[in-house]
Amino acid sequence: MHITEPKLDGNLPVTKAHLAKVREGMHEVVNARFGSGRKAHNNLIDLYGKSGTGEVGSRRNRYNNTWFISFGTYKGKTYAMIVFVERGSSGGGTCAPVVKEFFLEWLKAKEADTEPARG
């Protein structure tokens, strides 16, 4: 696996308080009772997210492309994921559950791989 080192390519004209507000909102998307990405909520990784839905096509042939972006920290490591579904219903309804399922399965498998052998 090739790991690319991050490179600073510029600065956003925002303050730490601005970014904290964005993070707070993204946390609410997943963790608030009526958040659009609440279907990504789980008890393994504390996720932050943003759902999206874009209409594509003419009025007669219109459909939705949907997405959900997320990040969260688990055992000191931060993970990020984007799920995009062409012809989905909504980002929160179609994509957020995929994010939840992936993280639950992948992190459980990752834990199983790192546990010492017993016996």
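## A walk through the strands, rings and charges

In β3, the residue that bridges to Y74 is K77. That's a handy place to start, but first some ground rules. This is a predicted model, in which local features need pLDDT of at least 70 and side-chain atom pairs count only at pLDDT 80 or more, while totals for chains, interfaces and linings use all residues. Residues are numbered from 1 along each chain as its sequence is written, and side-chain values use heavy atoms, with hydrogens and water left out.

Back to the strands. Helices (H or I, at least four residues) and strands (E, at least two) are DSSP runs, numbered from the N terminus, and two strands pair if DSSP finds at least two bridges between them. Strand β2 (residues 63-74) runs antiparallel to strand β1 (residues 46-56), with 11 bridges joining them. Look along that pairing and you'll find E55 opposite N64 in β2. Six residues sit between the strands in the hairpin of β1 and β2, and there G57 takes a positive phi near 100°.

On to the next pairing: β2 and strand β3 (residues 77-86) are also antiparallel partners, over 10 bridges. Here S70 faces M81 in β3. The hairpin that β2 and β3 form has two residues between the strands, and K75 is in its turn. Most residues other than glycine have a negative phi, and most peptide bonds are trans. K75 has a phi near 50°, a positive value in a residue other than glycine. R87 is another case, with a positive phi near 65° in a residue other than glycine; look for R87 in the loop between β3 and α2 (91-114).

How exposed is R87? Residues under 20% relative accessible area are buried, those over 50% are exposed, and those in between are partly exposed (1.4 Å probe, protein chains only). At 57% relative accessibility, R87 counts as exposed. The charged end of R87 sits over the ring of Y63, 3.7 Å from the ring's centre (the criterion is NZ of Lys or CZ of Arg within 6 Å of the ring centre and within 35 degrees of the ring normal).

Now for the rings themselves. Rings of Phe, Tyr and Trp (its six-membered ring) pair if their centres lie within 6.5 Å; planes under 30 degrees apart count as stacked, over 60 as edge-to-face and the rest as tilted. A search of the whole structure turns up five aromatic pairs. In one of them, the ring centres of Y48 and F71 are 4.8 Å apart with the planes at 10°, so the pair is stacked. This pair links distant parts of the chain, with Y48 in strand β1 and F71 in strand β2, 23 residues apart. Y48 is partly exposed at 22% relative accessible area, and F71 is partly exposed at 23%. W67 and F84 form an aromatic pair that is stacked as well, at 6.4 Å centre to centre with 5° between the planes. That pair connects W67 in strand β2 with F84 in strand β3, 17 residues apart. Ring pairs also link Y79, F102, F103 and W106 into a cluster.

W67 and F84 turn up again on the surface, where they form a nonpolar patch with I69 and I82, with about 400 Å² of accessible area together. Patches are made of residues with over 30% relative accessible area and no salt bridge, with like charges joined within 9 Å and nonpolar side chains (Val, Leu, Ile, Met, Phe, Trp, Tyr) within 5 Å. W67 is partly exposed, with a relative accessible area of 31%.

Finally, which salt bridges are there? A salt bridge is a side-chain nitrogen of Lys or Arg within 4 Å of a carboxyl oxygen of Asp or Glu, and the whole structure has three. One joins K21 to E24, with the closest N and O atoms 3.8 Å apart; being three residues apart in helix α1 (residues 16-31), K21 and E24 are separated by about one helical turn. Another brings together the side chains of R62 and E55 (3.9 Å, N to O). R62 is partly exposed at 42% relative accessible area, whereas E55 counts as exposed at 60%. There is also a salt bridge between E111 and K75, the closest N and O atoms being 3.1 Å apart. E111 lies in helix α2 and K75 in the loop between β2 and β3, so the pair ties together parts that are 36 residues apart in sequence. E111 is partly exposed at 26% relative accessibility, while K75 counts as exposed at 65%.

Notes: Accessible areas come from the Shrake-Rupley method with a 1.4 Å probe; for residues, only the protein chains shown count as cover.
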